[in-house]
Amino acid sequence: MPLQNETFLQACRGERPAHTPIWLMRQAGRYMPEYRAVRSRVTFNQLCRSPDLCAEVTLQPIDGLGVDAAILFSDILVVFDALGIDVRFEPSPVIATPVRTEAEALALRWGDPHEHLGYVFDAVRACKRALADRVPLIGFCGAPFTTLSYLVEGQTSREFEKIKGMIFSAPKVFAGLMENMTSLLCEYLRGQVLAGVDALQVFDSWAGALSPADYREHVLPHLARLVHFTRGLGVPLILFVRGNANLLALAAELPAEVIGIDWSIDMDQAIAVTGPNRVVQGNLDPMLLLGPAELVERKARACVAAGRAAKAHIFNLGHGISRHTDPAIARHLVEVVHSA
């Protein structure tokens, strides 16, 4: 069935819909009282593994904000279920058994995501039923480097000492882990598409831990394999590489339909890097939403205006929305973008 609102997918195809489409990274989350009400009843892990509840929270920003796309409620680390690795959220993720040696890497069980992550695919189907063709549904995964960083560091990191130490002292171990992780993520994304998602986003949230030269040598070949794999899945891909504006040129080398822009570079400068024939997504600093409505409106309109230099533009934040954001400000942002 045709979607009632196809503006997001039109922009992904390089078309210019009637208004600039907008969705927000982490748009279903703690800033919404409806989400907090659900979370008061279940743990985060339980929520991620309950397809009906995933659908409920996935739709909350569709109903509450009027955004042009839904993104599946899940977490990038659920893929560790296929490895038999336990993740606790306290509230940041903590992995009890990080992998840091060659022996530990060789002992990993690389399971089939189609077997171990069925609850995610059930959640996709539940979301599609609940959306009833109102807007498209975006599926996602972490990029190989970001996902592996959690496995090696064991938790969120500032210095990335363990993963960078592995890259520089045991590059073959790192490369083997990246190869296996990429294969796992390829099949995970295939499963989401088979379940019904309309688009995909790959988050390389920790890419900025590496210099451009090291990213090109150690990470880009694996990310390129994942991106090229998705081209055969029949849905558009958004590639979001965060944390170092100098990595944008490397991301733009890959054939993703949409290049995500973070807040570390102005949109006009980003388009100069990606070129005017690419579709871009972004890139309002999410912390701006903690400011007054007048500032949010001015900055949003400037971003929309700058985005007109690209082939097409999907408005988003430069990273996930803050849990301290007033939902009324988020709704105001959507209205401003639609009218700009």
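Predicted model: local features only at pLDDT ≥ 70, side-chain atom pairs only at ≥ 80, totals over all residues.
View 1. The peptide bond running from Gly282 to Asn283 is cis, and its omega is near -10°. For comparison, most peptide bonds are trans.

**View 2. Ala132 and Asp133 in the loop between H7 and S4.** Ala132 is found in the loop that joins H7 and S4, and Asp133 lies in the loop between H7 and S4 as well. The phi of Ala132 is near 50°, a positive value in a residue other than glycine, while Asp133, although not a glycine, has a positive phi of about 65°. As background to these two values, most residues other than glycine have a negative phi. Ala132 counts as partly exposed at 43% relative accessibility, and Asp133 counts as partly exposed at 26%.

**View 3. Helix H8 and the elements that cover its buried residues.** Ten of the ten residues of helix H8 (residues 144-153) are buried, so this helix is largely enclosed by the rest of the structure. Among the buried residues of H8 are Pro144, Phe145, Leu148, Tyr150, Leu151 and Val152, and the list also includes Thr146, Thr147, Ser149 and the acidic Glu153. The cover over these buried residues includes strand S3 (93-95), strand S4 (137-142) and strand S5 (199-204), together with helix H9 (161-169), H10 and helix H12 (220-230). Just after H8, Gly154 takes a positive phi of about 90°.

View 4. Leu239 has its place in strand S6, residues 237-241, and is buried, with a relative accessible area of 0%. When its neighbours within four places in sequence are left aside, Leu239 is in contact with Val202, Leu223, Val227, Ala251, Leu254, Ala256, Val258, Ile259 and Gly260. One of these contacts, Ala256, is 17 residues from Leu239 along the chain, and the C-alpha atoms of Leu239 and Ala256 are separated by 6.1 Å.

View 5. An α-helix has 3.6 residues a turn, so residues three or four places apart point the same way. The side chains of Arg125 and Asp122 meet in a salt bridge of 2.8 Å, N to O; Arg125 is partly exposed, with a relative accessible area of 36%, and Asp122 is partly exposed at 37%. In helix H10 (residues 171-195), Glu187 and Arg190 are likewise three residues apart, about one helical turn. Glu187 forms a salt bridge with Arg190, in which the closest N and O atoms are 2.9 Å apart. Glu187 counts as partly exposed at 24% relative accessibility, and Arg190 is partly exposed with a relative accessible area of 30%.

**View 6. The salt bridge of Arg13 and Glu15.** A search of the whole structure finds nine salt bridges, one of which is shown here, where the side chains of Arg13 and Glu15 meet at 3.1 Å, N to O. Arg13 is partly exposed, with a relative accessible area of 48%, and Glu15 counts as partly exposed at 35%.

**View 7. A positive surface patch that includes Arg26.** Arg26, Arg30, Arg39 and Arg323 form a positive surface patch. Arg26 has its place in the loop between helix H1 (7-12) and helix H2 (33-39), and at 49% relative accessibility this residue counts as partly exposed.

Notes:
Residues numbered from 1 in each chain as written. Heavy atoms only, no water. Patch = residues over 30% accessible without salt bridge, like charges linked within 9 Å, V, L, I, M, F, W, Y side chains within 5 Å. Areas by Shrake-Rupley, 256 points an atom, 1.4 Å probe, with all protein chains shown as cover. Salt bridge = Lys/Arg side-chain N within 4 Å of Asp/Glu carboxyl O. Charge placed at Lys NZ, Arg CZ, Asp CG, Glu CD. Helix = DSSP H or I, 4+ residues; strand = E, 2+ residues; numbered from the N terminus. Buried < 20%, exposed > 50% of the residue type's maximum accessible area, 1.4 Å probe, protein only. Contact = heavy atoms within 4.5 Å.
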